Amino acid sequence: MGMSASQARLLSITSRLTNNEFRSQTITNSKLRLAEKSQEASADYMDALNSQQLVFGIYGDNGGYSTEKLTPALIYDYAPLKNQYALVNPAGKLLVSAVDANNFKATIDEENPLSAFLDKYGLLENKTYTQKVETINPNYEDELAEYEAQRPAYDAYIQYLDDKEQYDKDYNDWLLRNGYNDKSDYDAAYAKYEQELAQENLYEIFASVVGTSDTVTSTGAQGHYYRALHGNADCYLHVLNVLFDYNGTNLSKATRDTSITGTTVTFQGEDGGMTTTDGMTEEEKQKMAQISGLLSERYCDGDDDFNTRGAQNLLKAARDDGREPTRLEILRSDFKETVNGDVTYSYEKKTLEQKVIDLYYTILNKDLLGVTNDDMTEMLMNFTDGDMKKLAPEAPEAPPTEPTPVPPAECPAKPSNVFVEYKEASETVVNDKDKAQWYTNLWYMMNGSDTVNKIKQKEIFDDEKNESYSVFIVDSAEKSGKGGTYEVFEDLNLFKSSDWLQFALEHGMVTMVQAQYNNPAADNGKVPELTSEGITWKSIIYTNASDIRSQEDEVKIAIAEVKYKNAIREIENKDKKFDQDLKKLDTEHTALQTEYDSIKEVISKNVDRSFKAFS
């Protein structure tokens, strides 16, 4: 009897279910192995995080602090703010670089091997100076008597020259301070002062009639100035009419040139509104006539700005600004400008008469010139309380008194009790004290001594220059009797290797010594070999050295971190793939199981029907 199709299919499904279970178990085992790999990667990374390396701390010239990997080369490399250490092998010999060893060998037979050794590093130079050599002068007493007889006349002459030099300086400063070009300027100014001193004070006369900007009233002759200051500038025309041309009885018309080239102005006389009797007493009329006759002999004060401290020349200020003066600036200025060629200008003060003419023209044409009431008020005040007031003479400041001349005298040669000769001398000195001490310490250690005297300071005096110098010098040192107690780092790679040095220190292959300051007069444990303050090489455990410390090995950590991340990424990708495969197997298993149960039920029913058919 053959197998039915249902039975064949059932066997096939059973085989596939068994295979799926085997594949699922295989994938599960692979996932477990991935977990083990993840633990291994984590362990390698943790080992790297716990790794340490030795570093050396260094202070820079600017005070900054930095660290570098500890290598023999770094230990022996000089730096200004660095503590000095050295390495010693188990035999007690100093380990040094090939450069230091060659320098030591090349200089050990010199007269002063230490100086020659330091010179190899460019640490010595010659300091030249002069020394005085003296011999007795047999004629000293006679020469001294002659000198003392001649000296007073020379001293008096020198004092006069000093006084005259100071006088000339003081006199020039005085001329400059007082605005004089030279002495003739001062003499002319003083003569003018005496001349003006004999004249009458026109301002006091003028102010008594017209008033001042502080005292003017609205009545009488002062009323014209009062109204002019309060906005009616035309009223001042009456004052200017009388001031310009009045002989005590009448006013007349007159035409004059203004300071603006090609322009004139005509004074209106009585037609201007102010007559000989208009608000004036007879005494005031006579005073005005007295002033009128002197206007052409008196000059403006030279200050164009009444409201600003210090003299101001509006014309020059315009030229300094690179522009032509305006018509109003020409009229209101105390100066007349003269063109010298095409590029230079000179200035002289206007007479009061010219200022009256220009002021009269300005009032008549104030609208055309664009003069405001404020401008006009300032111009009237500048004329009355500036130009007129400063007519009163001031005595020039007296110049310094010239010293009385003294006849010339030659300086006698001062005798000396000794003849002096200067000879050149030289001293070999250290040009870098700290660096020289560093290599001095190294030389003594290489020479078999663990004690070192400090480099000495010496004063050098230059007799000819009369100057003193502080220098540092090298003590003479005995030649080595041992041929040197050191060994050389022949392998340059080891000399620059931080890994080798760390291994050697940790395993006792090398030890360290440090150059430490020692004062035998004060410190405990005195060192007889030291004649003064000095240095002692002392053994030190590298873990106790203040400049050496352990820190994380950042390079190892970085490499391990990259490996760890790559391993974890690969494990996670594989784990995701295994999860996807398990999910597919699970889905397939569910479908097969469903089909298996269905076929099994069909077969069971067929068997039941068959038994019923044959029973």
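1. The model discussed here is predicted. Tyr 225 belongs to helix α8 (residues 222-229) and Tyr 236 to helix α9 (residues 235-244), so their pairing ties together parts that are eleven residues apart in sequence.

2. Helix α8 also carries Arg 227. Is Arg 227 buried, partly exposed or exposed? Its relative accessibility is 34%, so Arg 227 counts as partly exposed. Leaving aside residues up to four places away in sequence, Arg 227 touches Ser 218, Asn 232 and Cys 235. The C-alpha atom of Arg 227 is separated by 9.1 Å from that of Thr 217, a residue ten places away along the chain.

3. Phe 104 and Tyr 486 are both buried.

4. Which residues are linked into a cluster by ring pairs? The members are Phe 104, Phe 117, Tyr 121, Tyr 439, Trp 443, Tyr 444 and Tyr 486. Phe 117 is also touched by Thr 107, whose contacts include Pro 113, Ala 116 and Lys 120 when residues up to four places away in sequence are not counted. Thr 107 is found in helix α3, and at 3% relative accessibility this threonine counts as buried.

5. Lys 82 lies over the face of Phe 56, at 5.4 Å from the ring centre. Lys 433 lies over the face of Phe 472, here at 5.6 Å from the ring centre.

6. The largest nonpolar core has 53 residues. Tyr 76, Leu 94, Leu 118, Tyr 439 and Met 512 are the residues with the most contacts inside this core. Which helix gives the most to it? Helix α16 (residues 433-446) does, with eight residues. Leu 118 touches Leu 123, Leu 124, Ala 436, Tyr 439, Thr 440 and Val 474, not counting residues up to four places away in sequence. Another core, of 45 residues, lies apart from the largest one and has Leu 237, Met 280, Tyr 361 and Ile 363 among its members.

7. Strand β16 (residues 534-540) has five of its seven residues buried, so the strand is largely enclosed by the rest of the structure. How do the neighbouring strands pair with β16? Strand β11 (residues 451-453) pairs with β16 in the antiparallel sense over three bridges, and strand β15 (residues 511-518) also pairs with β16 in the antiparallel sense, over seven bridges. Within these pairings, Val 452 has Ile 535 of β16 as its bridge partner, while Val 513 stands opposite Ser 539 in β16.

8. Helix α18 (residues 498-506) has several buried positions, namely Ser 498, Trp 500, Leu 501, Gln 502, Ala 504 and Leu 505. At the start of α18, a side-chain oxygen of Ser 497 reaches to within 3.5 Å of the backbone nitrogen of Asp 499. Just after α18, Gly 508 takes a positive phi of about 75°.

9. Asn 466 is placed in the loop between β12 (456-462) and β13 (467-473). At 58% relative accessibility, Asn 466 counts as exposed.

How values were computed. Residues are numbered from 1 along each chain as its sequence is written. This is a predicted model: local features need pLDDT of at least 70, side-chain atom pairs count only at pLDDT 80 or more; totals for chains, interfaces and linings use all residues. Side-chain values use heavy atoms; hydrogens and water are left out. Buried means under 20% relative accessible area, exposed over 50%, partly exposed in between (1.4 Å probe, protein chains only). Helices (H or I, at least four residues) and strands (E, at least two) are DSSP runs, numbered from the N terminus. Rings of Phe, Tyr and Trp (its six-membered ring) pair if their centres lie within 6.5 Å; planes under 30 degrees apart count as stacked, over 60 as edge-to-face and the rest as tilted. A charge sits over a ring if NZ of Lys or CZ of Arg is within 6 Å of the ring centre and within 35 degrees of the ring normal. A nonpolar core is a set of buried Ala, Val, Leu, Ile, Met, Phe, Trp, Tyr and Cys residues joined through side-chain atoms within 4.5 Å. Contact means heavy atoms within 4.5 Å. Two strands pair if DSSP finds at least two bridges between them. A polar contact is a pair of N or O atoms within 3.5 Å; within protein, one must be able to donate a hydrogen and the other to accept it, and residues adjacent in sequence count only if both atoms are side-chain atoms.
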